[in-house]
Amino acid sequence: MKRLVVVSNRVADLKRSAQSGGLAVGLADSLKRRGGVWMGWDGQTMRADEQPEPRIRKIGDVTQVTIPLTEEDYAQYYLGFSNSVLWPLFHYRLDLVDYKTVYLEGYRRVTSKFADALLPVLEPDDLIWIHDYHLIPLAAELRQRGCKQRIGYFLHIPFPPPEVLAAVPRHRWLVESLLEYDVLGFQTNTDLGNLQHYVEENLGCKMEANGRIAVGDRSVHAGCFPIGIDVDAFVAMAEQPNEEVQIETQRREILGRKQIIGVDRLDYTKGLPDRLRAFARLLELYPEMRKSVALMQIATPTREEVEAYVEIRTELEALSGSINGRFADFNWTPVRYIHGIVPRDALAALFRASQVGLVTPLRDGMNLVAKEYIAAQSMENPGVLVLSKFAGAAEDLREALIVNPFDVDDMARNLCRALTMPLEERQQRQRALMKRIREHDNAHWLKSFLSVLENG
Ligand code: GDG
């Protein structure tokens, strides 16, 4: 088995992987099994005149290579090009793209730093796997330095249609950089199709019969590899009794109240304001729901230095306050809005104790919360997943109630349907959804991508 070299913006904490998210755990386990390298930014910033060497640490059979960034790198590469250009652009939010030439310069400079730090640790037979939008030109940088190993790339977020992509300067360079990889992985067929359209229309590339893209005298394998979760691990976590959640659940049961749950990073792509409006609309359209249902929204802080994220936080706080002001009673708070991080085991217990999982991003690569909510349900009395049609997960999870996240009335109607769905229908849907998340779990994602990367 070849040694695996994973490169991502940040490295997972390999010593505490059991507490982190599914992706980090899955990748870390795979690395620990086959031995390998994980490289990324260490999360620290320094002054431009400081020149620290990459930090190399051995943790079991895994070598962790981390580099710091300068304050300028952080502002231009991370906050700038990655999160103020590529993130909104790839989520179809041209209105939020804030392009500056220095951001692009910083992005190229940092990818080149990554290549410099990675090169000395590479061995001739390594398989290199680069992750996400922060590092698109890394294969090109490595090739320029003579790297001959096979290099794969996985995009965790959506890939937009050509007419959206074309709105940003240097879009052609971005896609040409992607074509330097041997394997390109996308979350959905829609994303894959968008890339194929771009390369056919703008670069005159031919698609070969097996889905490969012909680029000069070589070809690139571009495929759909939907990411999944470690289903058994999440089921086990959700089945663990959690005393605090149990006490809360008993109180709700005595009062005959149901709970809708939403869990997201506080990101403008996750559709949170319209989700809250949809909940308010449910209470308006179906007054009998008042006092019999509450929404718990956990919104994890993220990228708080980017202006658009400050705005969404203010908007949500105002919205949840106004819904509570309008509908609350002395013994019923309709919206519980939590701006913070909840431990993963408590999250699993909360999913299990909630009758509806509400996942309504305006655009999302996959959305692992949707899969975690399904994994957490009991078969005896499962809840219902209400899922945006613009989440990558909707391509597969067809037995969820699929909604338009821009249509508040549609979401309100489906919330009512979910809250009143008979047990038998809920069980049928749950059985089918469980089968789907098992088929496309984390192990399948890793195995299918790595097999193409290794064997071509
Ligand atoms: C990107 C793509 C794609 C959230 N709040 C807490 C918490 N979480 C965990 C969830 C889940 C993860 O974070 C979020 O994953 P998502 O997939 O929902 O979304 P992104 O962070 O935007 O991830 C996405 C993913 O990459 C993988 O490819 O699916 O489309 O945007 O695991 O449970 N975990 C804990 N406390 C919280 O408060 N412990």
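Before I start: I call a residue buried under 20% relative accessible area, exposed over 50% and partly exposed in between, with a 1.4 Å probe and protein chains only.

**Ground rules.** I'm working on a predicted model, where local features need pLDDT of at least 70, side-chain atom pairs count only at pLDDT 80 or more, and totals for chains, interfaces and linings use all residues. Residues are numbered from 1 along each chain as its sequence is written, and side-chain values use heavy atoms, leaving out hydrogens and water.

**Salt bridges.** I counted a salt bridge when a side-chain nitrogen of Lys or Arg lies within 4 Å of a carboxyl oxygen of Asp or Glu. The whole structure has 33 of them.

I looked up lysine 291 next and found a salt bridge to aspartate 329, at 3.0 Å from N to O. Helices (H or I, at least four residues) and strands (E, at least two) are DSSP runs numbered from the N terminus. Aspartate 329 sits in the loop between α11 (307-327) and β13 (335-339), and lysine 291 in the loop between α10 and β12, so the pair ties together parts 38 residues apart in sequence. Lysine 291 is partly exposed at 30% relative accessible area, and aspartate 329 is partly exposed at 35%.

Then I checked aspartate 364, which forms a salt bridge with lysine 270, the closest N and O atoms being 3.0 Å apart. Aspartate 364 and lysine 270 are both buried.

Inside helix α10 I found arginine 281 and glutamate 284, three residues apart, about one turn of the helix. Their side chains meet in a salt bridge of 2.5 Å, N to O.
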